[in-house]
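The following exercises are to be worked through with the sequence and the structure at hand. Each task is followed by a solution in steps.

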Amino acid sequence: MKPHSVLFSSFERTQPQARPILAGKRILVTGGTGSMGKVLVRRLLSGELGTPAKVIVLSRDEAKQHDMRVSYLHRKVTTDEVIYRNFLSSLEFRLGDVRSYADVCSAMQHVDVVINAAALKQVPNCEYFPDQAVATNCNGPMNIVRAIREHQMPVDTVVGISTDKACKPVNVMGLTKAIHERIFTSANILSPQTRFICTRYGNVLASRGSVIPLFHDQIKQGGPVTLTVPEMTRFLMSLDQAIDCVFAALQDAEPGETFVPSAPAATVLNLAKALIGDRRIPIKVTGIRPGEKLHELMISEEECHHTVRRGNFFAIRAMLPELQPQTNAPPAGLMKEFSSEDTLISLDDTIELLRQHHLLPGQAEADDGVELFEAAASRKAA
């Protein structure tokens with residue numbers, strides 16, 4: 001594993017030269033109105049991997065679809081000219097649910113690439129409503145696989161968006177996402193004409209439901225700032241860095257592989273201290289919530305032996321023998337598990353990471369109905 005300072009300094013987006021592999025392709029993004037889905041769609045429309053012929057957003061929330069459409073209509077400025085032009089000609093919204101086989105079959109007609117970003121991802125919600133987590137996180141991916149297999153759809157690639165919680169899972173959310181990964185990995189056997197791959201990423205800075213917007217609100221109210229456990233650690237990355245991993249997998253992943261970024265981590269105590277700064281605001285410890293881990297794993301001890309370096313990312317190779325490389329495999333890219341406990345950055349580096357992404361109080365304040373990260377990103381771009 002890299003030294004912490006090197007890991008932190010090198011984690012800014014260092015992508016290899018992108019290839020136009022999506023030029024002229026029809027791309028379906030399930031859950032495209034979520035935090036990650038929206039940034040993913042914006043970058044697809046930018047033509048970063050080639051200008052797609054069509055980007056189809058499938059989601060069941062008509063209000064979010066309306067807001068997303070309006071936000072593009074308001075984007076006609078010089079820096080967004082390409083995105084705006086591609087939005088007018090290429091973006092299509094479809095109301096539907098990944099849980100519905102009929103909706104999935106309809107949306108996947110004539111599609112070349114599917115990116116499955118639809119998920120129930122709040123840990124406590126999944127603990128209290130496990131049946132709902134299974135319906136979205138397991139049955140949804142199965143509907144995609146079934147549609148390709150039963151209708152012989154000529155889909156080139158399917159990407160599953162997973163999470164570090166799928167690694168040695170201890171909660172319903174992680175368990176269902178681990179099954180999601182296995183559903184896509186095994187699909188390569190019965191549908192070899194389609195490449196099924198996955199990506200894992202850790203906590204996305206200031207995305208919907210994450211701790212940073214909560215801390216911002218608590219600081220604004222004068223405290224206290226509530227921590228589960230001070231020594232709890234979490235991987236940290238921006239939405240764009242998570243999508244870098246998706247784009248790297250699209251370009252370089254072999255069937256059945258799961259791509260993982262080399263991400264830094266911080267304690268929740270340092271996150272709270274970084275955001276509080278010099279303010280006289282108390283910190284209150286509330287204890288671990290149902291289904292939470294003290295430390296997260298991105299790659300387990302069992303997986304590290306069949307993990308290789310692939311550019312700036314780790315690639316976890318499939319365990320199924322039919323998907324094993326036929327030639328001599330390169331040496332393992334890791335000697336031990338990849339834990340958030342092992343890549344901790346200091347308080348000063350945590351402050352700097354938040355400053356880089358305009359997430360310190362006073363740098364970015366969320367408007368009503370606008371996510372904190374999006375508000376911060378727009379100010380950073382300006």
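**Exercise 1. Which residues is Thr199 in contact with, leaving aside its neighbours within four places in sequence?**

Step 1. List the contacts. The model is a predicted one. In it, Thr199 is in contact with Val159, Gly160, Ile161, Ser162, Thr163, Cys245, Val246, Ala249, Thr258 and Phe259, when neighbours within four places in sequence are left aside.

Step 2. Locate the residue. Thr199 belongs to strand β6, which covers residues 195-199.

Step 3. Classify its exposure. A residue counts as buried under 20% relative accessible area. Thr199 has a relative accessible area of 1%, and is therefore buried.

**Exercise 2. Describe the chain as a whole: its secondary structure, its burial and its surface.**

Step 1. Count the elements. The chain has 14 helices and 16 strands.

Step 2. Consider burial. The chain has 382 residues, and 53% of them count as buried.

Step 3. Consider the contacts along the sequence. Among contacts between residues at least 6 apart in sequence, 81% join residues at least 24 apart.

**Exercise 3. Determine how many residues of α2 are buried, and describe how α2 packs with α10.**

Step 1. Examine burial. Of the 11 residues of α2, nine are buried, so this helix is largely enclosed by the rest of the structure. The buried residues are Ser35, Met36, Gly37, Val39, Leu40, Val41, Arg43, Leu44 and Leu45.

Step 2. Describe the geometry. Two packed helices are described by the angle between their axes and the distance between the axes. For α2 (residues 35-45) and α10 (residues 239-252), the axes come within 10 Å and cross at roughly 65 degrees. The crossing of α2 and α10 is right-handed.

Step 3. Identify the contact residues. From α2, the contact is made by Ser35, Met36, Val39, Leu40, Arg42, Arg43 and Leu44. From α10, Leu239, Asp240, Ala242, Ile243, Asp244, Val246 and Phe247 take part.

Step 4. Sort them by class. The contact of α2 with α10 has nine nonpolar, one polar and four charged residues.

Step 5. Look beyond the helix. Gly47 follows α2 and has a positive phi, near 80 degrees.

**Exercise 4. Describe the packing of α11 with α13 and with α9.**

Step 1. Begin with α13. Helix α11 (residues 268-276) and helix α13 (residues 347-356) pack at an angle of about 60 degrees, and their axes are 9 Å apart. These two helices, α11 and α13, are therefore oblique to each other. Their crossing, that of α11 and α13, is right-handed.

Step 2. Name the residues. Asn270, Leu271, Lys273, Ala274 and Leu275 of α11 make the contact with Leu347, Thr350, Ile351 and Leu354 of α13. By class, the contact of α11 with α13 has six nonpolar, two polar and one charged residues.

Step 3. Turn to α9. The axes of α9 (residues 211-220) and α11 come within 10 Å and cross at roughly 45 degrees. Helices α9 and α11 are therefore oblique to each other, and the crossing of α9 and α11 is right-handed.

Step 4. Name the residues here as well. Val211, Ile212, Phe215, His216 and Ile219 in α9 meet Val268, Leu271, Ala272, Leu275 and Ile276 in α11. By class, the contact of α9 with α11 has nine nonpolar, one polar and no charged residues.

**Exercise 5. What is the phi of Gln152, what is the phi of His358, and which peptide bond is cis?**

Step 1. Most residues other than glycine have a negative phi, and most peptide bonds are trans.

Step 2. Examine Gln152. Its phi is positive, near 50 degrees. Gln152 lies in the loop between α7 and β5, and counts as exposed at 67% relative accessibility.

Step 3. Examine His358. Its phi is also a positive value, near 55 degrees. His358 lies in the loop between α13 and α14, and is partly exposed, with a relative accessible area of 23%.

Step 4. Examine the peptide bond. The bond from Gly223 to Pro224 is cis, with omega near 0 degrees. Pro224 lies in the loop between α9 and β8.

Terms used. Residues are numbered from 1 along each chain as its sequence is written. This is a predicted model: local features need pLDDT of at least 70, side-chain atom pairs count only at pLDDT 80 or more; totals for chains, interfaces and linings use all residues. Side-chain values use heavy atoms; hydrogens and water are left out. Axes are lines fitted to C-alpha atoms, for helices over the stretch in contact, and angles run from 0 to 180 degrees between N-to-C directions. Helices (H or I, at least four residues) and strands (E, at least two) are DSSP runs, numbered from the N terminus. Angles under 35 degrees count as roughly parallel, over 145 as roughly antiparallel, 65 to 115 as roughly perpendicular and the rest as oblique. A crossing is left-handed if the near helix is turned anticlockwise from the far one by less than a right angle, and right-handed if clockwise. Contact means heavy atoms within 4.5 Å. Ala, Val, Leu, Ile, Met, Phe, Trp, Tyr, Cys and Pro count as nonpolar, Asp, Glu, Lys and Arg as charged, and the others, Gly among them, as polar. Buried means under 20% relative accessible area, exposed over 50%, partly exposed in between (1.4 Å probe, protein chains only). Accessible areas come from the Shrake-Rupley method with a 1.4 Å probe; for residues, only the protein chains shown count as cover.
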